[in-house]
Amino acid sequence: DGESVRVGPVWLNEARLSGRHDYTAGGEFRLQLLGDRLKLGESWIDSLDLLVQGTPQQHRLSFGAEGDLATQLVLDGSLTDGDWAGSLQPMILRTSAGDWTLDEAVAVDYVESAGQLSLAQHCWLNQGQLDICIVELMLGENGVAKANLDGDLGAIPELFPDRFRISAPLHAELDAIWQELEVTTLDAAIELQAGRVRENLMFGEFAEYVWEGASLQYRGSQEDGRLQGVMRQGGRDKLSLDLRIPAALDAPLSGELLLQGLNLTALSPFLEQFSHLSGEIPGDLAFLGRLGEPQIRGELLLRDGAVALSSTPNQLENINLQANFTGRQARLTGELSVGGGDSQLTGELDWLEGLSMSVAMSGGPKKLLFPTDTQLTVSEDLLLAIDSDSIRLTGRVEVPSGSVKLEELPQGAVEV
């Protein structure tokens, strides 16, 4: 018996281990582990039962769990001349993201001479919304992994804020080959087809946006890799990326990012901290230099932008920014409005020796709102500096007037 066992992110409140081995009956054995209150990352398993029994030639492993993760797993196996052959029986894995079902038995084999474990082709089905299919899986010093994912993006609600409901066909592929634990080929791709985004607003109202699709693809070898991406809006490719990434730090880097009026509203479902996001980004960036010392040249603009954070009632409006990239630096200029007042921004971004950034913001009087019915009129002249070691905010904020409304006086206060 044991209590409070912890190994890395796994914590087990109580465990009981029992077993027996019969040396006179063909090596028959039985080993059982019972556990209570197992924490695996952020998930809790209330109880578990792991049982291995049989003989070295014929044996069975069964595993049962109840809690945030619940399942009944059975793996039958046999051992012949050092090689092991098994069969994972059909099962259901219950999780907070729904039930994953394995409909058919899966052959599992281990070849001692090659030191390789392989699983036959099989699929895990998530209530008809997502399918993960293992096309080929061979694990060892040399190996192969091929898998596909098909379904609907809306079947992964953890990716988006609660106010959004998304429906978009999703397809992803992974194909990896390695030798002597070094990846020799890696191909990965993900594609979102046309779909729909519904945002629930206040007072029962909602807004809908059409999702027109996006794709991202990486193909790599031991020498280099190529990353390509596209995002479509209004029947056009509003974002296109083509980047060749070498494996060696001193090898040439090349590529281009082209933005043709990318609408930021389409990114709202992926950014939970924003309650509102809009504006268009045109621009063209070229990637040069070497991987260890990258250079970027070109220009990015933000036109007619608006941003509101979920944590504050103040909305930044009429945001117009320009970023000019000159190799290893970028200069930022622009303006925005908030609380009925205007502000100007200037700044620099440098990645020559580590990433560093400085942004200056100055402006005239503006009214800002804060929780608990507080309103302040402020003017600012601030400088924000960020580097690898520190974040510094210096400057001056003037508050010529303000008002605070209290719903009730604190205990002991005197009315005046």
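Visitor: In which strand is the place of Leu-227?
Guide: Before I answer, note that this is a predicted model, where local features need pLDDT of at least 70, side-chain atom pairs count only at pLDDT 80 or more, and totals for chains, interfaces and linings use all residues. Residues are numbered from 1 along each chain as its sequence is written, and side-chain values use heavy atoms, with hydrogens and water left out. Strands are DSSP runs of E with at least two residues, numbered from the N terminus. The run covering residues 224-233 holds Leu-227, and that is strand 21.

Visitor: Is Leu-227 buried, partly exposed or exposed?
Guide: Buried means under 20% relative accessible area, exposed over 50%, and partly exposed in between, with a 1.4 Å probe and protein chains only. Leu-227 has a relative accessible area of 21%, so the class is partly exposed.

Visitor: How far apart in space are Leu-227 and Leu-352?
Guide: In sequence, 125 residues separate Leu-227 and Leu-352. Taken from C-alpha to C-alpha, their separation in space is 23 Å.

Visitor: How many salt bridges does a search of the whole structure find?
Guide: A salt bridge here is a side-chain nitrogen of Lys or Arg within 4 Å of a carboxyl oxygen of Asp or Glu. Searching the whole structure on that basis gives a total of 14.

Visitor: Which strands do Asp-36 and Arg-16 tie together?
Guide: Their side chains meet in a salt bridge at 3.4 Å, N to O. Asp-36 is partly exposed at 25% relative accessibility, and Arg-16 is partly exposed too, at 28%. Asp-36 lies in residues 29-40 and Arg-16 in residues 10-21, so the pair ties together parts 20 residues apart in sequence: strand 3 and strand 2.

Visitor: How far apart are the closest N and O atoms of Asp-76 and Arg-60?
Guide: Asp-76 lies in strand 6 (residues 70-80) and Arg-60 in strand 5 (residues 58-67), so this pair ties together parts 16 residues apart in sequence. Asp-76 is partly exposed, at 21%, and Arg-60 also counts as partly exposed, at 40%. In their salt bridge, the closest N and O atoms are separated by 2.5 Å.

Visitor: How many residues apart are Asp-187 and Arg-219?
Guide: These two side chains meet in a salt bridge with an N to O distance of 3.2 Å. Asp-187 is in strand 17 (residues 182-192) and Arg-219 in strand 20 (residues 214-221), so-called distant parts of the chain, and their separation is 32 residues.

Visitor: Which elements give two or more residues to the lining of the largest pocket, and which gives the largest share?
Guide: A pocket is an open set of points on a 1 Å grid over the protein atoms alone, where a 1.4 Å probe fits, with protein on both sides within 12 Å along at least five of seven lines; lining residues have an atom within 4 Å of a point. The lining has 37 residues, with Leu-316, Leu-336, Leu-345, Val-359 and Met-361 nearest the centre. Strands 25, 26, 27, 28, 29, 30 and 31 each give two or more residues. The largest share, seven residues, comes from strand 29.

Visitor: How much space lies in the largest pocket?
Guide: The volume is the space filled by probe spheres set on the grid points, which are joined across faces, edges and corners. For this pocket, that comes to about 910 Å³.

Terms used: Helices (H or I, at least four residues) and strands (E, at least two) are DSSP runs, numbered from the N terminus.
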